[in-house]
Amino acid sequence: MTAKHSASLSDAFERALDVILARVSASAESATPSLAVAYSGGLDSSVLLDLAQRYAAARGVILFAFHIHHGISSNADTWQAHCERECMRLGIRFDARRVALSERSRHGLEQAARLGRYAALGELCRHHRVRLLLTAHHLDDQAETILLQLLRGCGVAGMSGMEIVNSAPDLLGDPNLLVARPFLDIARAELERFAAACAIDYVEDESNADPRYARNALRHHVMPELARYFPGYQLRFARSAQHAQSAHRLLDEMAESDLAKCRDGEGVNLDRLKAFSHDRIDNLLRYWLASCGVRMPSTSWLGEMRSQLFEAREDAQLCVSHPDCHIRRHRNKVFVTPRMGQVPPQASSLSFRWQGEDWMDFRDYRGRLHFEPAEDGIDAEWLAAQDLVLGYRRGGEMLKPARNRPTRSLKHHYQALDIPAWERLRLPLVYTVAGQLLFAAGIGLNWRDLQAGDGRRIRMRWEAIDF
């Protein structure tokens, strides 16, 4: 590569990063955020590190390099040492994390390494208070990603490929962190020529030549044939990705509008949802699930869920399971609920004494019991003298929710308060050791036989926590 071509790549990188930083700064408090490079030590990330170092030095930007040690290769220690030396030579702040991978199957190992890598990168960004992470994905990576997604039968989102900058909370574990790809319009061949011309030292990962991994099979066997018969196919794939991204944005705008029309409190009204076509319903449900942080389900799973929501009996306790959540129906509304651990149906009652604490944690019941001052409440002195019991419903409990309200069954109160059946199972009760019901989570104090007194009074409140 001539000096002219080297300058051309540097100029292209600077223009791309200027665009990225302008977009980031528009939504950030500081105009010039710190930068971090995901630095594996390979050719692509080494070129990225070199160009990022020049960019940061010229503008006074703080630059970090983050390396992830997977421990898969026998050379992993050597690679980390190389990365640390290069950063020391360039005057770049360096940090590394080790990732332990438990999944050893061929397909599972590749995905586990990816998830572990991004999770560790997210931790490093938070630790060093860096909001923007640069990765070395380039034009050829974009083409491979799109082709892989097509081979998996993806939809418009998959065909969109990678964006130049986006958040990835499911990978990095934080919606405030951004991933940027300043090489996304640059072919790998240009990076190779730049590395040779600038004598950039890098490591070779032997796994990149292993055709058992899907991406390597495409890179070494399929892509060369595409290039032979369809020169410049990468640019055309990139254009297709841009078209798909535009279509995906339009679909999201429609879904956002449709969801607003169907919203009913925390749920979605099924009667309003039924007014849309199946395609529009699925688009809304995908958007809603994504906004709840739920991984995208398959088309078949989504179709089955839609059928159950609309066709199950009205009194059915409908629950559709997803790895990230439960989809439930209650009174003609659908809810996305956390997939918390199952509460034992016959959980043992827990004895306790209140000694003036503001709250008490009950991990077996996955919640916190608060004790708050209140004009209307239980006499604090009397309460502190009682042996108390936390437990679930035994059947037949009656509760008076206020001095001027009648005594009714807990089931009646739950129904009146529109508390779904699945939530009732997790709502504990507080009794005296003699069996007197004092409090029902989700309803409140039991005013029947409530102790009188002239001193400080206390009200209880239950907070569900997934410890």
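Predicted model: local features only at pLDDT ≥ 70, side-chain atom pairs only at ≥ 80, totals over all residues.

Residues are numbered from 1 along each chain as its sequence is written, and side-chain values use heavy atoms, with hydrogens and water left out.

Start with the cores. By nonpolar core I mean a set of buried Ala, Val, Leu, Ile, Met, Phe, Trp, Tyr and Cys residues joined through side-chain atoms within 4.5 Å. Buried is under 20% relative accessible area, exposed is over 50%, and partly exposed lies in between, with a 1.4 Å probe and protein chains only. The largest such core holds 36 residues, and Val47, Leu132 and Phe183 have the most contacts inside it. Among the elements that each supply at least two of its residues are H1, H2, H3 and strand S4. Helices here are DSSP runs of H or I with at least four residues, strands are runs of E with at least two, and both are numbered from the N terminus. H2 gives the largest share of this core, eight residues. Apart from it lies another core, of 33 residues, including Leu390 and Phe439.

What does leucine 132 touch, not counting residues up to four places away in sequence? Its partners include Ile20, Leu21, Val24, Val165 and Leu178; contact means heavy atoms within 4.5 Å.

Glutamate 86 is in helix H3, residues 76–90, and is buried, at 12% relative accessible area. Leaving aside neighbours within four places in sequence, glutamate 86 contacts Tyr39 and Asp201. Serine 8, in helix H1, is partly exposed at 39%. Serine 8 and glutamate 190 are 182 residues apart in sequence, with their C-alpha atoms 9.9 Å apart.

Next, helix H12, residues 278–291. Its 14 residues should span 20 Å at 1.5 Å a residue, and its end C-alpha atoms are 20 Å apart, which agrees. The expected span is 1.5 Å times one less than the number of residues. Among the buried residues of H12 are Asp282, Asn283 and Trp288. Glycine 293 follows H12, with a positive phi near 80 degrees.

Last, the sheet. An open sheet of five strands runs S12-S15-S18-S19-S20 with antiparallel pairing; two strands pair if DSSP finds at least two bridges between them. S12 and S20 are the edge strands, each pairing on one side only. S15 and S18 are joined by four bridges, and leucine 388 stands opposite threonine 432 in S18.
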